[in-house]
Amino acid sequence: KFIEPYLYDDEPIQPAASSAKQANSTETIGSYVRRVFTDKNYYGTILPRLPIQMEREIQVKMLQAEKVEERAKKHAANPRTMGIFQKLGAKVMALYGDEENPIQWYEAVVDRVI
């Protein structure tokens, strides 16, 4: 949960690197965070292996976050769809999950727009 807000953060950063070529490159916070959790190599340093179960859980959560981000971008690009989501009382399908329940789709009604 603590990395979710950063997975798709568009703020540019310039991570430290050993070579001059890499030192001039920038990337977003989101791409940096995703790379740290998916690559086995960090600027030439091999990262320790995670237990298989933990690695699978991370992969599943990152895939879920990717699908949510893709869906959000798709909806944001469509004014008609966004109009539905901003209408109080509109029936929508939503994703929800917490520590005790896996993420799943459920029927919902828009009761406020933030």
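Tyr43 sits in the loop that joins strand S3 (41-42) to strand S4 (45-46). The model that shows this is a predicted one. Its protein chain holds four helices and six strands, arranged along the sequence in the pattern β-α-β-α-β-β-α-α-β-β. With a radius of gyration of 18 Å, well over the 13 Å that the globule rule gives for 114 residues, the protein chain is more spread out than a compact globule.

**Overall dimensions and surface**

- The C-alpha trace of the protein chain spans about 55 × 35 × 20 Å along its principal axes.
- Of the 114 residues in the protein chain, 17% are buried.
- The protein chain has an accessible surface of about 9400 Å², and carbon and sulfur atoms account for 57% of that surface.
- Among contacts in the protein chain with a separation of 6 or more, 28% are between residues 24 or more positions apart.

**Helix H2 and its packing**

- Helix H2 covers residues 29-38, and its buried residues are Ile29, Gly30 and Val33.
- Viewed down the axis of H2, these buried residues fall within an arc of 100 degrees, so they line one face of the helix.
- The packing partners of the buried residues of H2 are strand S1 (12-13) and strand S2 (27-28).

**Ile13 in strand S1**

- Ile13 belongs to strand S1, a strand against which the buried residues of H2 pack.
- Relative accessibility is 24% for Ile13, which is therefore counted as partly exposed; the buried class is under 20%.
- Leaving aside neighbours within four places in sequence, Ile13 is in contact with Thr26, Glu27, Thr28, Ile29 and Tyr32.
- One of these contacts is Ile29, a buried residue of H2.
- Thr26, also in contact with Ile13, is 13 residues from Ile13 along the chain, and their C-alpha atoms are separated by 5.6 Å.

- Tyr43 has a phi near 50 degrees, which is a positive value in a residue other than glycine.
- The relative accessibility of Tyr43 is 28%, so Tyr43 counts as partly exposed.

- Pro48 is found in the loop between S4 and helix H3 (52-76).
- Pro48 has a relative accessible area of 68% and is therefore exposed; the exposed class is over 50%.
- From Pro48 to Glu4 there are 44 residues in sequence, and the distance in space is 22 Å, C-alpha to C-alpha.

**Ile103 in the loop between S5 and S6**

- Ile103 is located in the loop between strand S5 (91-96) and strand S6 (104-109).
- A relative accessible area of 41% makes Ile103 partly exposed.
- Apart from neighbours within four places in sequence, the residues in contact with Ile103 are Gln64, Leu95, Tyr96 and Gly97.
- Ala72 is 31 residues from Ile103 in sequence, and the two are 16 Å apart in space, C-alpha to C-alpha.

Conventions:
Residues are numbered from 1 along each chain as its sequence is written. This is a predicted model: local features need pLDDT of at least 70, side-chain atom pairs count only at pLDDT 80 or more; totals for chains, interfaces and linings use all residues. Side-chain values use heavy atoms; hydrogens and water are left out. Helices (H or I, at least four residues) and strands (E, at least two) are DSSP runs, numbered from the N terminus. The radius of gyration is taken over C-alpha atoms; the globule rule is 2.2 Å times the number of residues to the power 0.38. Buried means under 20% relative accessible area, exposed over 50%, partly exposed in between (1.4 Å probe, protein chains only). Contact means heavy atoms within 4.5 Å. Accessible areas come from the Shrake-Rupley method with a 1.4 Å probe; for residues, only the protein chains shown count as cover. The arc is that of the directions from the helix axis to the C-beta atoms.
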